[in-house]
Amino acid sequence: MRKDILCLFAVISVGVILVAGCTTTSSGTTAAPSAPGQETVATLVNGTDAFNASIYQVTASRPQPGYHEINIYLTTLNTGNSTFKLHWFSRITGPNGVSYGGVGVSHGGSGQETDILGPGSEGTGRDYVIIDSDADYAAMAKEGATLNVSFVTEPLANETPMSFQTSWTLDPSVFT
């Protein structure tokens, strides 16, 4: 019984740590509830872990009928004082509120991971989301969508992982 309580406490503690973090836009202001445009650089800071994230490119393809693959290329620049790897998951939400991808789902469930990022170093990686509804995809091509990205640091030492989250509004032309 005592081990069960300790395990539950550990799970809750990790969950609280993963939810911590803050997001700011490049102007230094806290991100607004509505996502900035896809050209905006997001500045994410949590303790000594800090980085800028930006959309390098978003492309769409149709690998098979009824499936639309949205490729999301993000560039991250370590602006902090610590060295880490980043793991991220992308989620796309259409104008009707339906979401695709997300933690444990994008990139076939594995998300995307950067190489080791030391202070001042940057990298670009590709994540992807599958939209398996022609109707939802058509709505995104007409009205756009929101890209939400959840990041977690993968420390290289006995450090605590830090989580970050940011969003961008995707232009409808991404989906055509």
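Modeller: What follows is a short tour of a predicted model.

Colleague: How many helices and strands does the chain have?

Modeller: Two helices and 10 strands. The order along the sequence is α-β-β-β-β-β-β-β-β-α-β-β.

Colleague: What share of the residues is buried?

Modeller: The chain has 176 residues, and 42% of them are buried.

Colleague: Among contacts between residues at least 6 apart, what share joins residues at least 24 apart?

Modeller: That share is 65%.

Colleague: Aromatics next. How many aromatic pairs are there?

Modeller: Five aromatic pairs. One of them is Phe 51 with Phe 164, edge-to-face, at 4.9 Å centre to centre and 75 degrees between the planes.

Colleague: Where do those two sit in the chain?

Modeller: Phe 51 is in strand β3, residues 49–64, and Phe 164 is in strand β10, residues 163–170. They are 113 residues apart, so the pair links distant parts of the chain.

Colleague: Are they buried or exposed?

Modeller: Phe 51 is buried, at 0% relative accessible area. Phe 164 is buried too, at 3%.

Colleague: Why does the pair Tyr 137 and Phe 175 count as edge-to-face?

Modeller: Because the planes of Tyr 137 and Phe 175 stand at 80 degrees, and the cut-off for edge-to-face is over 60. Their ring centres are 5.8 Å apart.

Colleague: Which parts of the chain does that pair link?

Modeller: Tyr 137 belongs to helix α2, residues 134–143, while Phe 175 lies in the segment after β10. The separation is 38 residues. Tyr 137 counts as buried at 12% relative accessibility, and Phe 175 is buried at 2%.

Colleague: Which residues form the aromatic cluster?

Modeller: Phe 51, Phe 84, Trp 88, Phe 151 and Phe 164.

Colleague: Back to α2. Which residues there are buried?

Modeller: Asp 136, Tyr 137, Ala 139 and Met 140. Viewed down the axis of α2, the buried residues fall within an arc of 160 degrees, so they line one face of the helix.

Colleague: Why would residues three or four places apart point the same way?

Modeller: Because an α-helix has 3.6 residues a turn.

Colleague: What is exposed on the other side of α2?

Modeller: Ala 135 and Lys 142 are exposed there.

Colleague: And which strands do the buried residues of α2 pack against?

Modeller: They pack against β3, β4, β5, β6, β8 and β9.

Colleague: What follows α2?

Modeller: Gly 144, with a positive phi near 90 degrees.

Colleague: Which residue other than glycine has a positive phi?

Modeller: His 107 has one, near 55 degrees. His 107 sits in the loop between β6 and β7.

Colleague: Last one, Ser 90. Where is it, and is it buried or exposed?

Modeller: Ser 90 is in strand β5. Ser 90 counts as buried because its relative accessibility is 0%, against a cut-off of under 20%.

Colleague: What does Ser 90 touch?

Modeller: Leaving out residues up to four places away in sequence, the contacts of Ser 90 include Ile 72, Tyr 100, Ser 106, Asp 127 and Asn 148. Also among them are Gly 101, Gly 102, Val 129, Leu 147 and Val 149.

Definitions and conventions:
Residues numbered from 1 in each chain as written. Predicted model: local features only at pLDDT ≥ 70, side-chain atom pairs only at ≥ 80, totals over all residues. Heavy atoms only, no water. Phe/Tyr/Trp six-rings, centres within 6.5 Å; stacked < 30°, edge-to-face > 60°. Helix = DSSP H or I, 4+ residues; strand = E, 2+ residues; numbered from the N terminus. Buried < 20%, exposed > 50% of the residue type's maximum accessible area, 1.4 Å probe, protein only. Arc of directions from axis to C-beta. Contact = heavy atoms within 4.5 Å.
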